[in-house]
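Me: I have this one open on my screen and would like to go through it piece by piece. Can you take my questions as they come?
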Amino acid sequence: MARKAIRKRRAVRSPGLNPVRLCGNSGAGNPCRHSKQGKAGGMEVKMGIAAAFMVPHPPLIVPDVGKGEERKIADTIEAYRETGRRIGEQKPETIVLISPHQVMYADYFHISPGKGAKGDLGQFGAGHVKFEISYDTAFVEELCRLAALEGLPAGTMGEKEKKLDHGTMVPLYFAEPYWKEYRLVRIGLSGLPLASHYELGQCIRKAAGLLDRKVVVIGSGDLSHRLKEDGPYGYREEGPAYDRRIMDVMKRAAFGELLEFSEDFCDKAGECGHRSFTVMAGALDQTAVEAELLSYEGPFGVGYGVCSYMPCSAAPDRNFKEQYEEKEKKRILEQREKEDAYVRLARRTIEEYVRGGRKIPVPEDLPEEMYRQKAGAFVSIKKDGKLRGCIGTIRAVRESVAEEIIENAVSASARDTRFLPVQPEELERLVISVDILGDMEKIDSPKELDVKRYGVVVTKGFRRGLLLPNLDGVDTVEEQVAIARNKAGIGETERVELERFEVVRHV
């Protein structure tokens, strides 16, 4: 139950960071002068999103797991206790918790079904630390309904593990000393674009309003796991860079900037919470918030950040998803104006096929070289920074490069078995590139490769895998060869034949 005496809120100091309390408005703000006693940032919150918190989930922060190691992140623990006190002040009917350790699907948000669940920290040597929670079944039902209306793939199907995950249990460990009279909504992440995660948060906000619920939202997630050589995943320069950038964004409540982090940058940083924070941000859509950075630490090679968000007032100008989509539309339109004849042909092919199911004939207004040249060609399609389709030919199989592009553009948009066919409403958001392949050259060793200059083909019998050069997220020859092996189903120890090739990339 909640404490009778509520301690005064305070900022928790962390090494290298000054406590910041801002009234977030379009990503920046002035120090908030709202009265806070009995209110959320000065705005009396009866129902709806009462508060939101960004928190990490290292199991060792629980003393029965850490066994003294937790003292090395004392600031994080004190900040976590402060979030618990604030949750206790709000007395929410429902806690919506987004965890990256829930089941995760590439194209679907899993929301835990049923009446409730149990869990313990047994896998971390503390099986006596147990949890038993009840789910808010009405909220889950309404959230699924709203997601369906928005065309967002989310629901209760596909549960693989009913037990609570540690990304859920660690935040609840710090909340429950101050408030137990809540029901939980537990949500996993997906491989969908960040904008879709923000949209799920918008649905959470709508559900809270429609059900007249007082709701606290918790975005559970650690930051980079690549801060130190002796950390769990070693060191990469993107690790500290990610932590600096994400903490700057979150302390300012500049939630629109969450959507601008590239998938490649996040992958290299080895973060696990970005999507959780983005869903949480969506739940605060069109809301000015009192944002407070409570702590940041990373002594074990993993970043831990704690931030608090208390709603202040309605703020229609904080409609970050719409702003992001407008910026993306403008960027893509500007890029389309610069497309050369190769990409224009691929785009025209895709648009005609997706809208009418018709493959265009070879146009008569192309550069002469596209009729004369024969070569393999790959057509790649991206949407929202993520691959949406890619099909190509290693060597020429048609009479001209133009025909090669047309055939492969159709296949990339409709026959790449990794993806559903492109739909008409997606067309204006597609970014297309065309790679024209040079001649294949057999090589004796990976030492003859250059990941930026050469593509690679690995062959074992009838199995063959190809990877283009100069791809985002592929920085070493070892990674390039490993991905090509994996595409062909060739084991990492099997002997293979290697070929290299150069490409001319058209964008």
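Me: Let's start with aspartate 120: in which strand does it lie?
Reply: In this predicted model, aspartate 120 lies in strand β5, which covers residues 116-121.

Me: Before I go on, what is the mean pLDDT of the chain?
Reply: The mean is 91, and 91% of the residues reach 70 or more. There are stretches to treat with care, however: over residues 1-20 the pLDDT is below 50, though in the model this stretch has 54 contacts beyond near neighbours in sequence. Residues 26-45 are likewise below 50, with 49 contacts counted in that way.

Me: OK, sheets. What is the strand order in the open sheet that contains β12?
Reply: That sheet has four strands in the order β13-β12-β14-β19, and the pairing is antiparallel. β13 (386-392) and β19 (503-506) stand at the edges with a single partner strand each, so one side of each has no neighbour in the sheet. From one strand to the next the twist averages 20°.

Me: How many bridges join β12 to β14, and how many join β12 to β13?
Reply: Seven bridges join β12 to β14, and six join β12 to β13; both pairs run antiparallel. Valine 379 can be followed in both directions, as its bridge partner in β14 is valine 434, while in β13 it stands opposite isoleucine 391.

Me: Why would you call β12 largely enclosed?
Reply: Because six of its seven residues are buried, β12 is largely enclosed by the rest of the structure.

Me: And at the other end, how many bridges join β14 to β19?
Reply: Four bridges join β14 to β19, and the two strands run antiparallel; within β19, valine 503 stands opposite leucine 437.

Me: Which helices pack on this sheet?
Reply: Helix α10, residues 341-356, packs on the sheet and touches β12 (377-383), β14 and β19, with its direction at about 125° to that of β14. Helix α12, residues 401-414, also packs on the sheet, where it touches β12, β13 and β14, and its direction makes about 40° with that of β12.

Me: Switching to α9: what do its buried residues pack against?
Reply: The buried residues of α9 pack against α5 (194-210) and β14 (430-437). They are Phe320, Lys321, Tyr324, Glu328 and Ile332, and because they fall within an arc of 95° when seen down the axis of α9, they line one face of the helix. On the other side, Glu326, Lys330, Leu333 and Glu337 are exposed.

Me: How far does α9 reach from its first C-alpha to its last?
Reply: Helix α9, residues 320-337, has 18 residues and reaches 26 Å, which is close to the 26 Å expected at 1.5 Å a residue.

Me: Now the sheet with β15 in it, what's the strand order there?
Reply: The order is β15-β18-β16-β17, an open sheet of four strands with antiparallel pairing. Its edge strands are β15 (441-443) and β17 (463-467), each pairing on one side only, and neighbouring strands are turned by 25° against each other on average, direction ignored.

Me: Last one, glutamate 238: buried or exposed?
Reply: Glutamate 238 is buried, with a relative accessible area of 14%, and it lies in helix α6, residues 238-252. Leaving aside neighbours within four places in sequence, glutamate 238 is in contact with Phe265, Lys268 and Ala269.

Technical notes
Residues numbered from 1 in each chain as written. Predicted model: local features only at pLDDT ≥ 70, side-chain atom pairs only at ≥ 80, totals over all residues. Heavy atoms only, no water. Pairing = 2+ DSSP bridges. Axes fitted to C-alpha atoms, helices over the stretch in contact; angles between N-to-C directions. Expected span 1.5 Å × (residues − 1). Buried < 20%, exposed > 50% of the residue type's maximum accessible area, 1.4 Å probe, protein only. Arc of directions from axis to C-beta. Contact = heavy atoms within 4.5 Å. pLDDT = per-residue confidence, 0-100.
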